[in-house]
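Trainee: I would like a close look at one part of this model. Please take me from the whole chain down to a single site.

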Amino acid sequence: MLEFLRRLPKVELHLHIEGSLEPELMFELASRNCIELPYATVEEAKAAYEFDDLQGFLNLYYQGMNVLRTEQDFYDLAMDYFKRAREEGVVHIDMHFDPQAHIQRGVSLDVVMSGLLSAKHDAETSLDLSVGMIMAFLRDRPAEEALQVLEQAAPYWKSLDAIGLDSAEHNNPPIKFQAVFARAKEIGLVRVAHAGEEGPADYIVQALDVLDVQRIDHGVRCLESERVVQRLRDEQIVLTVCPLSNVSLKVVDQLRFHPLPKLLEEGLKVTISSDDPAYFGGGLLTNHIACAEAFGWGADVFRLLNLNAIEEAFTSDERRKELI
Ligand code: ADE
Ligand code: ZN
């Protein structure tokens, strides 16, 4: 099974590139940019990655990305993950990135975009890895700020595949971003959103109805409402479920109690992703292996999940045919 999972050409739809920052690279960038870290060693950083909830993780996630300052830093961040993912048999990644988290710290949108786009270019030309770009907005920041960043990103609209919505879900309902998502739709951008990770099933419905999203990131709490499950099944909306993330952030107690098997039983269009691999114990292959151990899934289940991801991936039809 391990060899099958390693060889399976895997597609990842839900990956925050800032969440792929391994402590080793964090230390290297901190030294390059003369930044002091709150950890003395890589081991100390790793030991701090124990979370009670999403907010506990987000605090360290935003602190960690403070080492990213230059175009080269963003390039190195992305290439570091792309190379590791490729070694694990990943062939396509839809990559979220959080421009507001960088602009706030005085790092320009141009620096972020140039670094990430040149890494995407090099991955696509030299690694045989295709990359989708999802510009995500922080739902715990004002919607006006998100709208401003979306307008500021005009020179990059053609390089984006979608906009997304992430960060702290509690008390930040999708409806807060109605105007931002309406503007993105007007521009012709696809929309996705995190919903039903820590927030209620109702946020999933709002994301579909008010933000007109094409896929739901996480969505595991849909199971709290039969009506929402029915809707997701009827419309075959893709859920980008992140098993090890859900365990790390205590959305579920243990992987063997994760609702993934139930989501599949309900006929939902499920995919699996790593979310923030540097913080949650591993990348896409590790998530696959953990699911095989926890649920006893055979090759057919993984083939189905991967096919769901291929159908939904932000890539050309030509590339999609290659991936199938
Ligand atoms: N940003 C990075 N990872 C996230 C997650 N799991 N949920 C919400 N926002 C995020
Ligand atoms: Zn996420």
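Mentor: A residue is buried if 20 or more other C-beta atoms lie within 10 Å of its own, exposed if 12 or fewer, and partly exposed in between, with C-beta atoms placed from the backbone. Keep in mind that this is a predicted model, where local features need pLDDT of at least 70, side-chain atom pairs count only at pLDDT 80 or more, and totals for chains, interfaces and linings use all residues. Residues are numbered from 1 along each chain as its sequence is written, while chains are lettered from A and ligands numbered from 1 in the order in which they are written.

Now zoom in on E197. The UniProt annotation "active site", from an unreviewed entry, covers E197. Such annotations may be inferred rather than shown by experiment; feature names are shortened, and positions follow the numbering used here. E197 sits in the loop between β5 (190-195) and α10 (201-209). Helices (H or I, at least four residues) and strands (E, at least two) are DSSP runs, numbered from the N terminus. E197 is buried because 23 other C-beta atoms lie within 10 Å.

What does E197 touch, leaving aside neighbours within four places in sequence? The contacts are L54, E169, H218, V220 and V251. Contact means C-beta atoms, placed from the backbone, within 7 Å.

E197 is also one of the residues around ligand 1. Others there include H16, L54, D166 and H194. Each has its C-beta atom, placed from the backbone, within 6 Å of the ligand.

Conventions. Two residues are in contact if their C-beta atoms, placed from the backbone, lie within 7 Å.
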